[in-house]
Amino acid sequence: MAGAALLAAAAALPFWLNRTQPYFLQLALNVLIVAVLALSWDLLARTGQLSLAHAAFFGLGAYTSALLTTRAGVPVVAGIVLGGLMATAVAAALGVLTLRLRGIYFAIATLAFSETLRVITKQLRFTGGSAGLVTPPLLPANLPAQYLVILGILLLAALTSELVNRSRWHFAFTAIRTNEEVAAVMGIDVVRFKVLAFAISAFFAGLTGAFYAHVFLFINPFEAYSLAISVGALVAPIFGGLYTTIGPLLGAVALRIGEETLRAALGSGFLIIYGLILAAVILYMPRGLLGLWTAAAARRHAGERGVTAPVSGNGQA
Amino acid sequence: MAIFGVLRSGLYSLASVGLALSVGVIGVVNFAHGEFLMLGAYLGYWLFASYGIDPLAAIPIGAVALFLLGGAVHRLGIQRVLRSPELNQMLLTFGISIFLQNLAIILWGGDPRTAAVGYKAQSVALGPFTVGFPQLVVFAVAMTLTLSLYAILGGSRIGKAMRAVAQNRVGASLIGIEVDRIYLLTFGLSTALAGMAGLMIALQLSTSPFIGLLYTLKAFAIIVMAGLGNITGVIYASLVLGLSEAFVEFYVPQGGGWAEGVFFVLILVVLLVRPRGLFR
């Protein structure tokens, strides 16, 4: 119910905002981009795997689509879908290589992979080198329509997330996150589920990157593979509340809007706040904003019945 | 070519041995390692620019300053997540890394800074080769410091305690080693080593807020090659990285740019072929 109302409000937003304040519609579109990245990052995190470089797949999607549309004449919409699929395929390959090992190796490999993609893109001539690429537009000069497209992508990601959380996959993911050895003994194909989660996660990141390329009309290796994208994708779910659909969305809205005000004051150093939030949340509120909410609700509930609420959660962030 | 690779590996050893130490003894993978190195490099730059102190003379200052900073970070943060899931530990150090990098951007701006010591452009003949004097000095200092760490770990009481904790935390505490204190000392030592490597970077190269991530990644490549937690393998692994980079720079067209990606290829190859490391 609440979800449907929220969706209706989000879909109505462009018709209300566009006439009076295009700036806010642009901001809303940026929020949705971060929201898709956050949600897809969280999907992978549910298996206990830490990707420090979601930007790798964002950039891969952006460059795949940009190159296909400019160099091979592929239509923009097809380019965006292929961008997502390219990210999926590469993630599956990288996953098969690195997800057999301890989580640390995977985290290191993702970070190194992202930096290396940047180097390759910068060095090659057909990717436009460090100067970047100009891309053909998706739905030219129609911000409300562009907004609805990314809202659709977000909806797809949210549905995927809910499906995962309500199916048997949920138990597999949680078991793997809690204890891989035990999960394997229970008959869960640990590597397969981790690779699957990684591939789905990368698909949405690639799709969003490709969308970004055709809405902002220009990409370069420094922005497409930027640390800011990776950091935003992981701080939002941690801040909002991990392993849920609503938590990453909540975090994305709060952080992206906060970032807008900070950028003006701190310039490119605004990421400092993300570092602070990350450290503070891990140390003091490992269940994020959503955790604060459920704890408060539990206290209220307990107050009515006159019993003390158990403190929920034990820092499984 | 080989000689440049070897000279470079000295700095790589010093830059990564601290990370190997914290991984090996505490079991914490510190994604902020490069940022401590970056802070050391800025310290070297400022001491030179403001007081004319040569980065070589600043080594004790840098070591003490970064030891204290590392100790504080351990007390306030790392110590609290030692029993948390690995995911939390990595996220915390990643958060510290982002914080320090952007603090540097805000405080000092993004421009690279160079400590222009008098002998920066001098070179020495080494047999048939000519190499920069700063490179040679940095190599000598870095190797001396790295080997001193090996001596400390091998011989002193504190070093033996560290190795004991690395092998078995519970066993070590049973025979009367204060594990928490060893962790604190180890983390401080690890950041002090990063800080000294930073001073050497201020001397030989230049510093900017962005060098941290690059050295973190190169240090990762080295400790993955050495095998996580293997401290003595760091020197050999650094040689592999230094030589490979020098090789790419010399023999590949536009090699200067491609060399920045060598560390990733090495990480990937090691993970594929021999994930427990090449040197154990």
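A nonpolar core is a set of buried Ala, Val, Leu, Ile, Met, Phe, Trp, Tyr and Cys residues joined through C-beta atoms within 7 Å. In this predicted model, the largest such core holds 197 residues, and the members that touch the most others are A:L278, B:M200, B:I223 and B:I267. Helix α2 of chain A, residues 22-45, gives the most to this core, with 16 residues. As a general background, nonpolar side chains in soluble globular proteins tend to be buried together.

**The two chains**

Chain A has 14 helices and two strands, whereas chain B has 12 helices and two strands. In chain B the order along the sequence is α-α-α-α-β-β-α-α-α-α-α-α-α-α. The table sets out overall values for each chain.

| Property | Chain A | Chain B |
|---|---|---|
| Residues counted as buried | 51% of 317 residues | 51% of 280 residues |
| Span along the principal axes (C-alpha) | about 65 × 50 × 35 Å | roughly 55 × 45 × 35 Å |
| Contacts at least 6 apart in sequence that join residues at least 24 apart | 77% | 78% |

The radius of gyration of chain A is 20 Å, which agrees with the value near 20 Å for a compact globule of 317 residues.

**The contact between the chains**

The contact between chain A and chain B takes 38 residues from chain A and 36 residues from chain B. On the chain B side, at least two residues each come from α4 (86-108), α9 (211-226), α11 (255-258) and α12 (262-273). Of these helices, α4(B) supplies the largest share of the side that touches chain A, with 15 residues.

B:I267, one of the core residues with the most contacts to other members, touches residues of both chains. Not counting residues up to four places away in sequence, its contacts are A:I108, A:A109 and A:A112 in chain A and B:F220, B:A221 and B:V224 in chain B.

**Helix packing in chain B**

Two packed helices are described by the angle between their axes and the distance between the axes. Helix α1 of chain B (residues 2-26) packs against helix α8 of chain B (residues 179-204) at an angle of about 165 degrees, and their axes are 8 Å apart. Angles over 145 degrees count as roughly antiparallel, and α1(B) and α8(B) are therefore roughly antiparallel to each other. The crossing of α1(B) past α8(B) is left-handed. From α1(B), the residues making the contact include B:L11, B:L14, B:G18, B:S22 and B:I26. Among those from α8(B) are B:Y183, B:F187, B:S190, B:A194 and B:M200. B:M200 is also one of the residues that touch the most other members of the largest nonpolar core.

**B:F139**

B:F139 lies in helix α5 of chain B, residues 133-155. A residue is buried if 20 or more other C-beta atoms lie within 10 Å of its own; B:F139 has 21 C-beta neighbours inside 10 Å and so counts as buried. Apart from neighbours within four places in sequence, B:F139 is in contact with B:L7 and B:G10. B:F139 and B:L217 are 78 residues apart in sequence, and their C-alpha atoms are 20 Å apart in space.

Note on methods
Residues are numbered from 1 along each chain as its sequence is written. Chains are lettered from A and ligands numbered from 1 in the order in which they are written. This is a predicted model: local features need pLDDT of at least 70, side-chain atom pairs count only at pLDDT 80 or more; totals for chains, interfaces and linings use all residues. Helices (H or I, at least four residues) and strands (E, at least two) are DSSP runs, numbered from the N terminus. The radius of gyration is taken over C-alpha atoms; the globule rule is 2.2 Å times the number of residues to the power 0.38. A residue is buried if 20 or more other C-beta atoms lie within 10 Å of its own, exposed if 12 or fewer, and partly exposed in between; C-beta atoms are placed from the backbone. Two residues are in contact if their C-beta atoms, placed from the backbone, lie within 7 Å. Axes are lines fitted to C-alpha atoms, for helices over the stretch in contact, and angles run from 0 to 180 degrees between N-to-C directions. Angles under 35 degrees count as roughly parallel, over 145 as roughly antiparallel, 65 to 115 as roughly perpendicular and the rest as oblique. A crossing is left-handed if the near helix is turned anticlockwise from the far one by less than a right angle, and right-handed if clockwise.
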